[in-house]
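Hi everyone, thanks for coming along. I have one structure to share today, so let me put it up on the screen.

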Amino acid sequence: MKKTTYDTVYDIIVVGAGHAGIEASLAGARMGCRVLLLTGNLDTVGYMSCNPAVGGLAKGHLVREIDALGGQMAKATDHAGIHFRRLNTNKGPAVRGNRAQCDRVMYRTYMKGAIEQQEHIDLKQATVTSIIAD
Ligand SMILES: Cc1cc2nc3c(=O)[nH]c(=O)nc-3n(C[C@H](O)[C@H](O)[C@H](O)COP(=O)(O)OP(=O)(O)OC[C@H]3O[C@@H](n4cnc5c(N)ncnc54)[C@H](O)[C@@H]3O)c2cc1C
C-alpha cells in the first residue's frame, strides 16, 4: 500500500467524512485547530443511508444536542428536508418527536460545501490503514 505524506502539520486527523467525521472536523476547525479529514471516497462525504431520515424519538434528541453545540446536521436538514413530521401526536408528550426526510443528494452536497468552505480543514481522499500512536 502506497504511503502518503502531507507537508502540513495537523492538530487533528479525522478518519472518515461520514456524519460523525464531518461534525468532528467542523468542531475542531471552528476551535482554531488545523484539521486533516481523510475519507475513502470524496463522492460519499455526508452520505445518507437508503432511508434518509433525520430525527425520530432518540435520534431527534441527538440532533438537537448537535445543533445546540453549533453543529451542522440540523442546518443541513433544514436545507435538504423534503418532508417534516411530528411523530406520535395521538400519544402522550413523552413519546413525541420530530423527524425529517431529506433529499440525499442535496444533503451531501450541502455538507461537502460546508467542509470545503470551512477554514482550517483539508479534505483528502485516502484510506487510513494504520494509526501510529506516539
Ligand atoms: C440501511 C441503513 C439505514 C439507515 N437509516 C437511517 C435513518 O433513516 N436515519 C438515521 O439517522 N440513521 C440511519 N442509519 C444509520 C446511519 O447511517 C449511521 O448511524 C451513520 O451513517 C453513522 O455515521 P458515521 O459518521 O459514524 O459513519 P458513516 O456514515 O458510515 O461514515 C464513515 C465514513 O468513514 C469512511 N471510512 C471508513 N473507514 C475509513 C478508513 N479506514 N479510511 C478512510 N475513510 C474511512 C467511510 O467511507 C465513510 O465515508 C441507517 C443505516 C443503515 C445501514
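This is a predicted model: local features need pLDDT of at least 70, side-chain atom pairs count only at pLDDT 80 or more; totals for chains, interfaces and linings use all residues.

Let's begin with the ligand. There are 15 residues around it, and the ones that come nearest are Ala20, Ser49, Asn51, Ala53 and Val128. If you sort that shell by class, you get eight polar residues, six nonpolar ones and one charged one.

What do the polar atoms do here? Ser49 places an N or O atom of its side chain 2.9 Å from a nitrogen atom of the ligand. Ala53 takes part through its backbone, where a polar atom is 2.8 Å from a ligand nitrogen. Gly40 also uses the backbone: one of its N or O atoms there lies 3.2 Å from a nitrogen atom of the ligand. As for cover, the ligand taken alone exposes 990 Å², and the protein buries 51% of that.

Now for the core. The largest nonpolar core has 22 residues, and Leu37, Tyr107, Ile115 and Ile121 have the most contacts inside it. Which elements supply at least two residues each? They are helices H1 (19–30), H2 (57–68), H3 (73–80) and H4 (104–117), together with strands S2 (35–39) and S6 (121–125). H3 gives the most, with four residues.

Leaving aside residues up to four places away in sequence, Ile121 touches Ser25, Leu26, Ala29, Val35, Leu37 and Ile115.

Is Gln118 buried or exposed? Its relative accessibility is 18%, so Gln118 counts as buried, given that the cut-off for buried is under 20%. Its side chain makes a polar contact with the side chain of Arg30, at 3.3 Å. With residues up to four places away in sequence again set aside, Gln118 touches Leu26, Ala29 and Arg30.

My last stop is Cys50, in the loop between S2 and strand S3 (53–55). Cys50 counts as exposed because its relative accessibility is 76%, and the cut-off there is over 50%. Along the chain, Cys50 and Arg104 are 54 residues apart, yet their C-alpha atoms are separated by 8.6 Å.

Key
Residues are numbered from 1 along each chain as its sequence is written. Side-chain values use heavy atoms; hydrogens and water are left out. A residue is near a molecule or strand if one of its heavy atoms lies within 4 Å of it. A polar contact is a pair of N or O atoms within 3.5 Å; within protein, one must be able to donate a hydrogen and the other to accept it, and residues adjacent in sequence count only if both atoms are side-chain atoms. Accessible areas come from the Shrake-Rupley method with a 1.4 Å probe; for residues, only the protein chains shown count as cover. Ala, Val, Leu, Ile, Met, Phe, Trp, Tyr, Cys and Pro count as nonpolar, Asp, Glu, Lys and Arg as charged, and the others, Gly among them, as polar. A nonpolar core is a set of buried Ala, Val, Leu, Ile, Met, Phe, Trp, Tyr and Cys residues joined through side-chain atoms within 4.5 Å. Buried means under 20% relative accessible area, exposed over 50%, partly exposed in between (1.4 Å probe, protein chains only). Contact means heavy atoms within 4.5 Å.
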